[in-house]
Amino acid sequence: INAVLLIQCNIFTKYNYFHVILIFTQVACTNWKRILLLMNGDWPNGTNPLEIPGNKVHADGVFKSFSSLNETERSQIFSEYTRFLIARHPFERLLSAYRNKLEGRTASARYFQRRIGRQIIKALRVNPSNHSLTHGDDVSFAEFIQYLLTPELSLSNQSNYNEHWEPIAKLCNPCVMKYNLIGKFETLLDDSALALYLAGADHLTFPTGHKPSSTRKQLRTYFDPLSIRAIRRLYEIYAEDFRLFDYNLEDVLGFEFG
């Protein structure tokens, strides 16, 4: 089977290229899905990925779930295919998830606000308003962090967090799977170009219109009001991501834990 495989918490696959691409939510997911459609000839209107509507690439049924593959196909994917992973600073990825899913005003944000925001407000806020209980659209960052640090809420009888803030190390087991390329969000354009080259798809270009995220600039604004104890506990959740992908706290928060 020749395939392009996209891993984004759950695994999605499209067949054509003999390559595997792993990518996670809050790490240029939409643009990589656009690239995959182009690689597989599923967009007949040119080769500019930015012309593909975002709602098309995220629609149900566009990508095939890894769980639907048989054991032979899974074994072939993990033994023969090129594997590519994109990492991002754990706290920057976490803040991006909060801003997009709980602070945002998109349809996706409204879904998360109804599903998770209302749960957070009901469980953690003192004297919440009827509007907040109904819509869940005003969860503060501090409340979100408290939710993460309260496993009976954030894990909800499961072993994992929601995929948007689950540690990458748990999502793709980098200590078990050997990756051909580990890219970083900070060098996304260069690393994506190399991934396309390895995939034999260097006739395509990752969107140069990709704008540097404003999330890193906002880290201090959101994290400074948190207590040191909360930040330390949060760091412990993502400690493996910090270690494996060579990130630290100094360059974003101005200090490290001893």
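A residue is taken as buried when its relative accessible area is under 20%, as exposed when over 50% and as partly exposed in between, with a 1.4 Å probe and protein chains only. The model is predicted, and local features therefore need pLDDT of at least 70, side-chain atom pairs count only at pLDDT 80 or more, and totals for chains, interfaces and linings use all residues. Residues are numbered from 1 along each chain as its sequence is written, and side-chain values use heavy atoms, with hydrogens and water left out.

By the burial criterion, Phe223 is buried, with a relative accessible area of 1%, and Phe91, at 0% relative accessibility, also counts as buried. Both residues are among those with the most contacts inside the largest nonpolar core, which has 43 residues, as are Phe144, Leu148 and Trp165; such a core is a set of buried Ala, Val, Leu, Ile, Met, Phe, Trp, Tyr and Cys residues joined through side-chain atoms within 4.5 Å. Elements that each supply at least two residues of this core include strand 5 (84-87), helix 4 (90-101), helix 5 (107-124) and helix 11 (215-223), where helices (H or I, at least four residues) and strands (E, at least two) are DSSP runs numbered from the N terminus. A second, separate core of 23 residues includes Ile52, Val57, Ala201 and Leu204.

Within helix 5, the buried residues include Phe112, Gln113, Ile116 and Ile120, and the buried residues of this helix pack against helix 4, helix 6 (130-135), helix 7 and helix 8 (151-154), contact being defined as heavy atoms within 4.5 Å. Helix 5 bends by about 40° at Gln113, the bend being the angle between axes fitted to the seven residues ending there and the seven starting there.

The search of the whole structure finds 15 aromatic pairs; rings of Phe, Tyr and Trp (its six-membered ring) pair if their centres lie within 6.5 Å, and planes under 30 degrees apart count as stacked, over 60 as edge-to-face and the rest as tilted. The rings of Trp32 and Phe206 have centres 5.5 Å apart and planes at 50°, so this pair is tilted. Trp32 lies in helix 1 (residues 29-39) and Phe206 in the loop between helix 10 (188-198) and helix 11, so the pair ties together parts that are 174 residues apart in sequence. The rings of Phe91 and Phe223, with centres 4.8 Å apart and planes at 10°, form a pair that is therefore stacked.
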